[in-house]
Amino acid sequence: MYVADSRADAKSTTAGTTGTPARVSAVVAPTVFALGAVSLITDVSSEMVTAVLPLYLVTGLGLSPLGFGLLDGIYNGFSALVRLAGGHLADRGGGRHKWVAGIGYAVSAACKPLLLLAHTLTPIGLILAADRTGKGLRTAPRDALISLSSTPENRGRAFGVHRAMDTAGALLGPLVAFLILRATVDGYDAVFTVSFCVAVVGVLVLVLFVPGGRGSGEKGPGDSGSAGRGSATGPRERTTVGRPPRPTLRAAFALLARRDLRRITLCALLLGLATVSDSFVYLLLQRRLGVPDRWFALLPLGTAAAFLLLAVPLGRLADRVGRWRIFLAGHGALLTAYALLLTSWHGTALPYAVLLLHGGFYAATDGVLMAAASDSVPEELRSSGLALVQTGQAAARFVCSLGFGAAWTLWGDRTALMASAVALAVCAVFALRLRPGRSSVLEPAP
């Protein structure tokens, strides 16, 4: 893997008409690594809190399961409501993706020490909602920065590198929290304090090392052939009258008139409606194997480890064989994991197989979807366009979590999982028929 400045990347894409991809397809811009470092540090901070939050709320504060369920819903679903706002603000501000993302990271960081002061349901709910607001604000601008810093030929790899670094933080966070709880008396307070300090470091890395403004590397090297902001070529030629769309909410929603983006968004939404929450997957696995409660927190580490190992290879493969193929293959891996949980197999290899498939699902879909959607969105509305896809997917997964929980309560876990598996298979077939065009599914490299 080569590293080069995004300006140098742009110079090496001039051979686009020869039919042979330039060497830039093997380049990942420094902006991607800087954003990966920010996400790694921030995920260490956030996953420290996520790992201890259930025990803290139920055991430490004595909240009822119903109260915890409400807070968990806020924590996992609230960011879907503000992703469009984050994307629109970044585009509306003249491409200030870095600063909108920075505000999101700062808001989440500021919430960590407030958990030391909250001891009842209402203030904790407000703090978690504010934390998810920060996540929602930063996600689309951050992914837009990755997209604009990469060429169309290497976006899958760029998103794979970022997601791998992000997942490394998710892997380290619970381990750090575990060590802090073992080494201190007031364990929860120490976790929240250390989490805040780590989050501040993440914000500082963003401010100091991530370029700000299109002229500092935000603009993708050779992105669709664009030679610069004032050029008559590039993404603007894909707009209606040759004029760049104004970054308004109406222009953002008008992006759904584009056939490929509309189909990508619809497929992400439908597949999200059949994607069971991670927590339910771990609970199902615990029930099948009788995993003791004290080891339950280690199950997410299996998914994170598989995600970390597979994110870059699958991102590179998506650039070569087509992003939509890898995206659908990821859902095939998830469907296989559901099937294994439904079988009568109780072997020792079951948890490893399920967690490997679960992590492979995320590695094949998370960054790959953003890379595919980027090819269907003009540069001026890149953040808003990605936010549309993210919002639909996040809202659908939140609805699926609520529906799966209700089905589990009414019919039992196996029936609920069977219904989800059937729904996922049907949605995958539908997504295969709605496959986007060549603009978002790159041809294999010769």
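## The model and its ground rules

Because the model is predicted, local features need pLDDT of at least 70 and side-chain atom pairs count only at pLDDT 80 or more, while totals for chains, interfaces and linings use all residues. Residues are numbered from 1 along each chain as its sequence is written, and side-chain values use heavy atoms, leaving out hydrogens and water.

## Overall picture

Let's start with the whole chain. It has 17 helices and 2 strands, where helices (H or I, at least four residues) and strands (E, at least two) are DSSP runs numbered from the N terminus. Of its 446 residues, 53% count as buried; buried means under 20% relative accessible area, exposed over 50%, and partly exposed in between, with a 1.4 Å probe and protein chains only.

The accessible surface comes to about 19000 Å², and 67% of that belongs to carbon and sulfur atoms; the areas come from the Shrake-Rupley method with a 1.4 Å probe, and for residues only the protein chains shown count as cover. Contacts (heavy atoms within 4.5 Å) between residues at least 6 apart in sequence join residues at least 24 apart in 83% of cases.

## Nonpolar cores

A nonpolar core is a set of buried Ala, Val, Leu, Ile, Met, Phe, Trp, Tyr and Cys residues joined through side-chain atoms within 4.5 Å. The largest one here has 79 residues, and those with the most contacts inside it are Val354, Leu369, Val389 and Phe404. Helix 15 (residues 350–374) gives the largest share of this core, 13 residues. Leaving aside neighbours within four places in sequence, Leu369 touches Ile264, Ala268, Trp324, Phe327, Val389 and Gln393. There is also a second, separate core of 18 residues, which includes Val52, Leu57, Cys111 and Leu128.

Helix 4 (residues 83–92) has as its buried residues Arg83, Gly86, Gly87, His88, Ala90 and Asp91. These pack against helix 5 (97–114), helix 6 (121–148), helix 9 (249–254) and helix 16.

Further along, Leu299 sits in helix 13 (residues 299–321) and is buried, at 9% relative accessible area. Apart from its neighbours within four places in sequence, Leu299 is in contact with Tyr282, Leu285 and Leu355. From C-alpha to C-alpha, Leu299 and Gln286 are 8.8 Å apart in space and 13 residues apart in sequence.

## An aromatic cluster

Rings of Phe, Tyr and Trp (its six-membered ring) pair if their centres lie within 6.5 Å; planes under 30 degrees apart count as stacked, over 60 as edge-to-face and the rest as tilted. By this rule the count comes to 6 aromatic pairs. In one of them, Phe280 and Phe404 have ring centres 5.0 Å apart and planes at 55°, so the pair is tilted. Phe280 lies in helix 11 (residues 278–289) and Phe404 in helix 16 (residues 382–411), so this pair ties together parts 124 residues apart in sequence.

Phe280 and Trp408 are also tilted, because their ring centres are 5.8 Å apart with planes at 50°. This pair again links distant parts of the chain, with Phe280 in helix 11 and Trp408 in helix 16, 128 residues apart. Phe280, Phe404 and Trp408 form one aromatic cluster. Phe280 is buried at 18% relative accessibility, Phe404 at 3% and Trp408 at 16%.

The structure holds 10 salt bridges, each a side-chain nitrogen of Lys or Arg within 4 Å of a carboxyl oxygen of Asp or Glu. Lys112 and Asp131 form one of them (3.3 Å, N to O). Lys112 lies in helix 5 and Asp131 in helix 6, so the pair ties together parts 19 residues apart in sequence. Asp131 also meets Arg132 in a salt bridge (2.7 Å, N to O). Lys112 is buried at 6% relative accessibility, Asp131 at 5% and Arg132 at 8%.

Arg323 forms a salt bridge with Asp375, their closest N and O atoms being 2.3 Å apart. This pair links Arg323 in helix 14 (residues 323–342) to Asp375 in the loop between helix 15 and helix 16, 52 residues apart. Arg323 is buried at 0% relative accessibility and Asp375 at 9%. A network of salt bridges links Arg142, Asp143, Arg163 and Asp366.
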